[in-house]
Amino acid sequence: MPAIPSLKERYRDYFDIGAAITPQLLQTKGDLIKTQFSSLTAENQMKPGPIHPAPDTWAFEDADAIAAFAREHNLHLRGHTLVWHNQTPEWFYEGGDKDTLLSRVKAHMQVMFDRYAKDIIAWDVVNEAVADQGDEIFRDSRYHQILGDNLVVRSFELARELLPGGYFVYNDYNEIMPAKRTKILALLDMLKSAGNLVDAFGFQCHWNIHDLDLDELRRSIELYAAKGVHLQMTELDLSLYASSDKEIYDAATPENLALQADLYGKIFAIFREYKDVIDSVTFWGATDADSWLQGFPVRNRPYNQPLLFDGECQPKECFRRVVEF
Ligand code: XIL
């Protein structure tokens with residue numbers, strides 16, 4: 001069998017190609033991961049909940065294993081994530097006053113930076129703070145209830161203070177939808193005018209084959225880049241199912257896999273055009289079998305196939321469309 005081309009080799013002159021991984025996956029699919037990808041993101045292991053479950057309890061083991069793998073194989077590592085309304089333990093918010101919460105965030109960041117900054121190329125300082133609907137810029141979260149509209153700026157200020165040379169990202173989804181994009185752009189302005197606090201905007205890129213609008217993707221790249229920030233594609237996957245579908249669907253058809261391959265080819269053609277502003281393109285998972293979309297938004301949907309490799313680590317048609325140009 002001819003050797004599978006390597007994504008990271010193919011894209012060496014363009015941008016990093018990353019995958020979200022777990023320590024288990026590094027053991028079972030380590031060969032695929034180290035040959036295909038130049039960057040890793042811990043799928044869950046560096047989030048506040050898993051790594052810092054109680055004020056004086058840290059669970060570094062999984063994150064350490066990921067950092068060690070990245071060092072051993074010369075891979076970049078992204079830090080995901082410091083301030084997020086999900087997967088953050090209740091104790092962070094206990095007491096409910098601003099200063100207490102900020103001092104906890106600061107102490108959390110300090111430990112994360114002390115331990116991992118030498119391995120990490122970019123930090124998702126704040127994840128998903130912008131509201132999907134309505135006129136409010138910010139999502140109604142515990143963080144926002146306590147810190148108010150300052151929450152993102154204050155978080156980035158703390159990160160800058162603790163790690164002055166850090167590379168700091170604001171990361172969000174529904175990033176190419178015009179209404180939410182307008183709000184994210186306003187947030188980037190806030191971060192800029194508060195003292196150039198943000199280095200890059202992270203497009204999560206959780207898309208699907210039914211309603212991805214490539215013109216909006218291109219427009220979004222231009223609009224975000226016009227703010228003077230770099231772009232990172234942080235969690236790319238292309239679901240076979242629409243986000244509004246919450247029931248059981250039909251199994252994958254040859255037609256929707258062909259559409260997926262076509263779209264993956266077009267998405268990467270656009271990314272390549274903007275290689276000067278795009279640092280990295282990370283898939284949210286390495287193979288279909290380990291994609292979070294097997295369980296989100298519902299379990300027991302037909303097997304979703306959102307990534308470039310099947311569960312046997314074999315490249316799909318969409319892989320071919322991404323490497324052949
Ligand atoms: C997801 C993980 O993939 C799941 O394993 C976990 O149960 C929930 O979080 N946006 C993000 C990621 O920023 O951290 C999320 O990851 C997917 C959506």
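Which residues in helix 10 meet helix 11? Leu214, Leu217, Arg218 and Ile221 do so, against Leu263, Lys266, Ile267, Ile270, Phe271 and Glu273 in helix 11. The model is predicted. This briefing covers helix packing, paired strands, and a few backbone features.

**Helix 10 and helix 11**

- Helix 10 spans residues 214–225, and helix 11 spans residues 254–273.
- Their axes lie 11 Å apart, at an angle of about 20°. An angle under 35 degrees counts as roughly parallel, so helix 10 is roughly parallel to helix 11.
- The crossing of helix 10 and helix 11 is right-handed.
- Sorted by class, the contact of helix 10 with helix 11 holds seven nonpolar and three charged residues, with no polar ones.

**Helix 6 and helix 8**

- Helix 6 covers residues 98–116, and helix 8 covers residues 151–162.
- The two pack at an angle of about 40°, with axes 10 Å apart. That angle makes helix 6 oblique to helix 8.
- Helix 6 passes helix 8 in a right-handed crossing.
- From helix 6, the contact uses Leu102, Val105, Lys106, Met109, Gln110 and Phe113. From helix 8, it uses Arg154, Ser155, Leu158, Ala159, Glu161 and Leu162.
- The class count for the contact of helix 6 with helix 8 is seven nonpolar, two polar and three charged residues.

**Helix 8 and helix 9**

- Helix 8 also packs on helix 9, which runs over residues 178–193.
- The axes of helix 8 and helix 9 come within 10 Å and cross at roughly 45°. The two helices are therefore oblique to each other.
- Helix 8 passes helix 9 in a right-handed crossing.
- Val152, Val153 and Phe156 in helix 8 meet Leu187, Met190 and Leu191 in helix 9.
- The contact of helix 8 with helix 9 has six nonpolar residues, no polar ones and no charged ones.

**Strand 3 and strand 4**

- Strand 3 (residues 76–84) and strand 4 run parallel and are joined by five bridges.
- Arg78 has Ala122 of strand 4 as its bridge partner.
- Strand 4 takes in residues 122–127. Six of its six residues are buried, so strand 4 is largely enclosed by the rest of the structure.
- Gly79 lies in strand 3. Gly79 is buried, with a relative accessible area of 1%.
- Where does Gly79 make contacts, leaving aside its neighbours within four places in sequence? Its partners are Ile120, Ala122, Trp123 and Asp124.
- Gly79 and Trp123 are 44 residues apart in sequence. Their C-alpha atoms are 4.4 Å apart in space.

**Strand 5 and strand 6**

- Strand 5 (residues 168–172) runs parallel to strand 6, and four bridges join the two.
- Tyr170 stands opposite Phe201 in strand 6.
- Strand 6 spans residues 200–203. Both of its faces are covered.
- Ala200 and Gly202 are buried on one side of strand 6, and Phe201 and Phe203 are buried on the other.

**Backbone features**

- Most residues other than glycine have a negative phi, and most peptide bonds are trans.
- Thr81 lies in strand 3.
- Glu128 sits in the loop between strand 4 and helix 7 (142–147). Is Glu128 buried or exposed? Glu128 is buried, with a relative accessible area of 9%, and the cut-off for buried is under 20%.
- Asn196 is found in the loop between helix 9 and strand 6.

Conventions
Residues are numbered from 1 along each chain as its sequence is written. This is a predicted model: local features need pLDDT of at least 70, side-chain atom pairs count only at pLDDT 80 or more; totals for chains, interfaces and linings use all residues. Side-chain values use heavy atoms; hydrogens and water are left out. Axes are lines fitted to C-alpha atoms, for helices over the stretch in contact, and angles run from 0 to 180 degrees between N-to-C directions. Angles under 35 degrees count as roughly parallel, over 145 as roughly antiparallel, 65 to 115 as roughly perpendicular and the rest as oblique. A crossing is left-handed if the near helix is turned anticlockwise from the far one by less than a right angle, and right-handed if clockwise. Contact means heavy atoms within 4.5 Å. Ala, Val, Leu, Ile, Met, Phe, Trp, Tyr, Cys and Pro count as nonpolar, Asp, Glu, Lys and Arg as charged, and the others, Gly among them, as polar. Buried means under 20% relative accessible area, exposed over 50%, partly exposed in between (1.4 Å probe, protein chains only). Two strands pair if DSSP finds at least two bridges between them.
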